[in-house]
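Please look over the model shown here before reading on. The paragraphs below go from the whole chain down to single residues.

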Amino acid sequence: GVGIAIKSLELDYRKRVEDCARDLYHDGHDRLLVMEKEHLKHMETLRRSFRTQLSDAVARIAAEYKSYYDDILQGKTGRHDRKIHDLTIQVANLKQTIQQNETVIQMLQAQLQKLVAE
């Protein structure tokens with residue numbers, strides 16, 4: 001009687017603990033998947049932003065070079081040199097920023113993969 005009741009209570013308790021642990025694991029895993037999805041969405045937004053900035057800078061440089069060479073053909077020189085130099089530096093800085101951000105993105109993705117694997 002009593003021994004069977006104790007065993008029954010122990011089994012019931014173990015089952016509840018296992019069920020609770022499984023639920024906690026699934027909840028944590030689901031939250032991690034949501035975080036991963038949000039992270040990927042955020043990274044794609046950042047990448048789009050950086051690409052847009054780079055594209056805008058390249059378009060400005062192209063326009064400045066065209067203007068510069070048009071002026072050379074018309075015999076005017078010198079007024080665009082500084083702008084072209086500044087824009088070239090700006091593009092180089094944007095490329096460096098993009099490269100740094102890609103490195104950060106890769107690091108965050110590695111950390112996220114590590115968290116998902118756990």
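How many positive and negative side chains does the chain have, and how far apart do the centres of the two sets lie? There are 19 positive and 18 negative side chains, and the two centres lie 3 Å apart. Lys and Arg count as positive and Asp and Glu as negative, while His and the chain ends are not counted; the place of a charge is NZ of Lys, CZ of Arg, CG of Asp or CD of Glu.

This is a predicted model, in which local features need pLDDT of at least 70 and side-chain atom pairs count only at pLDDT 80 or more, whereas totals for chains, interfaces and linings use all residues. Residues are numbered from 1 along each chain as its sequence is written, and side-chain values use heavy atoms, with hydrogens and water left out.

The chain has two helices and zero strands, assigned as DSSP runs numbered from the N terminus (helices H or I, at least four residues; strands E, at least two). Its C-alpha atoms fill a box of roughly 110 × 15 × 15 Å along the principal axes. Of the 118 residues, 15% count as buried, meaning under 20% relative accessible area, with exposed over 50% and partly exposed in between (1.4 Å probe, protein chains only).

Arg 47 is in helix α1 (residues 2–73) and counts as buried because its relative accessibility is 19%. Beyond its neighbours within four places in sequence, Arg 47 contacts Glu 102, Ile 105 and Gln 109. Gln 109 belongs to helix α2 (residues 81–117) and is partly exposed at 25%. With residues up to four places away left out, Gln 109 touches His 39, Leu 40 and Arg 47. The C-alpha atoms of Gln 109 and Glu 36 are 8.6 Å apart, although 73 residues separate the two along the chain.

Aromatic rings of Phe, Tyr and Trp (its six-membered ring) pair if their centres lie within 6.5 Å; planes under 30 degrees apart count as stacked, over 60 as edge-to-face and the rest as tilted. The count is one aromatic pair. The rings of Tyr 65 and Tyr 69 have centres 6.3 Å apart and planes at 15 degrees, so the pair is stacked. Tyr 65 and Tyr 69 are four residues apart in helix α1, about one helical turn. Tyr 65 is partly exposed at 32%, and Tyr 69 is partly exposed at 46%.

Key:
Contact = heavy atoms within 4.5 Å.
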